[in-house]
Amino acid sequence: MGVYSYKDRAQSARLEAVTEGANESAKADAKPSRHRRGPFRPLSWTNARQRAAYRLRVFYYRGIDLALTATLTLGWVTYPGGIHQIGQITLAQFAPYALGWTVAMWFMLASSLYSFTSPRGIVRHALVAALCAGSGAIAGIPLQLVVETADIGRFSGWAIALAGCILVLHTIWAAAISRGRRTGALIPNVVLVGATRSAERMVQAALNRRDVNIIGIFDDRNDRVPEGIAGVPVLGTTDELLAHHLTPYLDCIVLAVPAEASERLRILERRLSSLPNRIATLIQSADPSNSEIGAALDKLSATPVAALRRRAHPELSAFYKRLQDVLIGGIALLALSPLLLLIGLWIKLDSRGPALFKQERHGFNQERIVVWKFRTMRIDRMDRSGAQQVTHDDDRITRAGRFLRVTSLDELPQLLNVLRGEMSLVGPRPHAISMRTGNVVSSQIVAEYAHRHRIKPGLTGWAAINGSRGPMHTAEEVRRRVQLDIDYIERQSFWLDVWIMLRTLPVLLGDKLAVR
């Protein structure tokens, strides 16, 4: 987890934000520096992947609520005999509790209690949750009166216990949400393009609300641009934004340009479209009203990192994909651990050097991640930058490494990256940051190259099972890889991932022409 500091330096150097540790940030804050940092100061800057993972906690909260309240209900109905005697409970006895529990859980869902976009105080959130649960549970009272009037006291006790259980749980959940907002994990990070009067008013409004972090401003008009707006630093031009260290930390790039400047908007959108970040134009008039600015910030505060295609439930899809990665990846790592140990031993016996090799590659939203592999090259010939791609009969490859690369067994240590949340089982393959095709950095060949980073990189992927794996030696191979990756991102689903995983092994074993 990193922290961005803005320090005084020469004008050209000042345009870059430098990632530092949280302790260094605290020291920097003590130094007098006009452009060190803007006024939006969460405890730490978390990148887009980490914030997306934090948002997925809502599904764990919901699952725990369902599981614990269901257990409480079953225990209450079967007391004093115990849950193991549930078979002796009649449907008439159980029905009022089932109805009350179902309505209580529905009330909680309908009241947006599992949403991070409508912040409430801890006490208020917990009381609202308990009220929803208690009110829903009461729905079972009429049925209880019909079934057995004498048991109404026992039912009422259950309703109170259910509300109390939810009160305790949601005090914990609300505290976690509050901490996430305080640290910045639940606050979207945005930059503005356009150092305009509208941008200044957006910054002032965001400072009052504190539910959007405007961490910098970019503008091409060098002769008219101030060094900062309302304390937020102007960090450079749009061209510098394209290669800026901030991009992995951004949820959205906002064009603070009047809609009347349509030609300028088109130019900016076209220039910035190569980035994986979402681009939004939220100010629609030259002099927006307070309500327009408020509506714009409302949209930004509720904005998760956008995918290439808008899904009906993007966070639910992300949760299922993460659950799939954890369950299947964990089982695979456990089952393959003997094979991994044998491969590591083989590599050590075959050539001098460590069994594992690590390399920095681009991950989700252009985050730099360290990817693990089995070492397949001679220790004195390894290319840690990945600039030189492998060719046929490459003399850098060891004897063990040649077999491992042909079968893709060298990629198996990336199961650790999957469990850490940096990668997924299925997705675009992560490329080395400095990888070259010919004499050109591969990422510069196709304008949409960074669109591959709108989803986590994968252990296998759509491109891999369609014949595009390994090095890319021509511009056409780069274009085809990028197109296949974008096709996957647009079509991604649970069943497509299952199909790709099932197809991976037979495709790799039957691919005798691929050079890796």
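Figure 1. Phe218 stands opposite Gly236 in E6. Strands are DSSP runs of E with at least two residues, helices are DSSP runs of H or I with at least four residues, and both are numbered from the N terminus. The model is a predicted one, in which local features need pLDDT of at least 70 and side-chain atom pairs count only at pLDDT 80 or more, whereas totals for chains, interfaces and linings use all residues. Residues are numbered from 1 along each chain as its sequence is written, and side-chain values use heavy atoms, with hydrogens and water left out. E4 and strand E6 (residues 232-236) run parallel and are joined by 2 bridges; two strands are said to pair if DSSP finds at least two bridges between them. Ile217 is placed opposite Val234 in E6. In E6, 5 of the 5 residues are buried, and the strand is mostly covered. Buried denotes under 20% relative accessible area, exposed over 50%, and partly exposed the range in between (1.4 Å probe, protein chains only).

**Figure 2. Strand E4 and its parallel neighbour E3.** Strand E4 (residues 213-218) is largely enclosed by the rest of the structure, because 6 of its 6 residues are buried. Strand E3 (residues 189-193) runs parallel to E4, with 5 bridges joining the two. Within this pair, Val191 stands opposite Gly216 in E4. Between E3 and E4 the chain passes through helix H9 (residues 197-209), forming a right-handed β-α-β crossover. Right-handed here means that, with the strands pointing away from the viewer, the path from the first strand over the helix to the second runs clockwise.

**Figure 3. The six-stranded sheet and helix H11.** The open sheet consists of 6 strands in the order E5-E6-E4-E3-E7-E8, with mixed pairing. Its edge strands, E5 (228-229) and E8 (278-280), each pair on one side only. Helix H11 (residues 262-272) packs on the sheet and touches E3, strand E7 (252-255) and E8. The direction of H11 makes about 165° with that of E7. Axes are lines fitted to C-alpha atoms, for helices over the stretch in contact, and angles run from 0 to 180 degrees between N-to-C directions.

**Figure 4. The hairpin of E5 and E6.** E5 and E6 are antiparallel and share 2 bridges. The bridge partner of Ile229 is Val232 in E6. The hairpin has 2 residues between its strands, and Ala230 takes a positive phi near 50° there. Ala230 is not a glycine and lies in the loop between E5 and E6. Its relative accessible area is 29%, so Ala230 is partly exposed.

**Figure 5. Asn365 in the loop between E9 and E10.** Asn365 is located in the loop between strand E9 (356-362) and strand E10 (368-374). Its phi is near 60°, a positive value in a residue other than glycine. Asn365 counts as buried, because its relative accessibility is 1%.

**Figure 6. Packing of helices H5 and H6.** Helix H5 (residues 91-110) packs with helix H6 (residues 122-137) at an angle of about 145°, and their axes are 7 Å apart. The crossing of the two helices is right-handed; a crossing is left-handed if the near helix is turned anticlockwise from the far one by less than a right angle, and right-handed if clockwise. On the H5 side, Gly100, Val103, Ala104, Phe107 and Met108 meet Ala129, Cys132, Ala133, Ser135, Gly136 and Ala137 of H6. Contact means heavy atoms within 4.5 Å. By class, the contact has 8 nonpolar, 3 polar and no charged residues. Ala, Val, Leu, Ile, Met, Phe, Trp, Tyr, Cys and Pro count as nonpolar, Asp, Glu, Lys and Arg as charged, and the others, Gly among them, as polar.

Figure 7. Phe357 is found in strand E9 and is buried, with a relative accessible area of 11%. Phe357 and Phe374 are 17 residues apart along the chain, and their C-alpha atoms are separated by 5.6 Å. Leu404, in helix H14 (residues 399-407), is buried at a relative accessible area of 0%. From C-alpha to C-alpha, Leu404 and Arg375 are 9.2 Å apart in space, and they are 29 residues apart in sequence.
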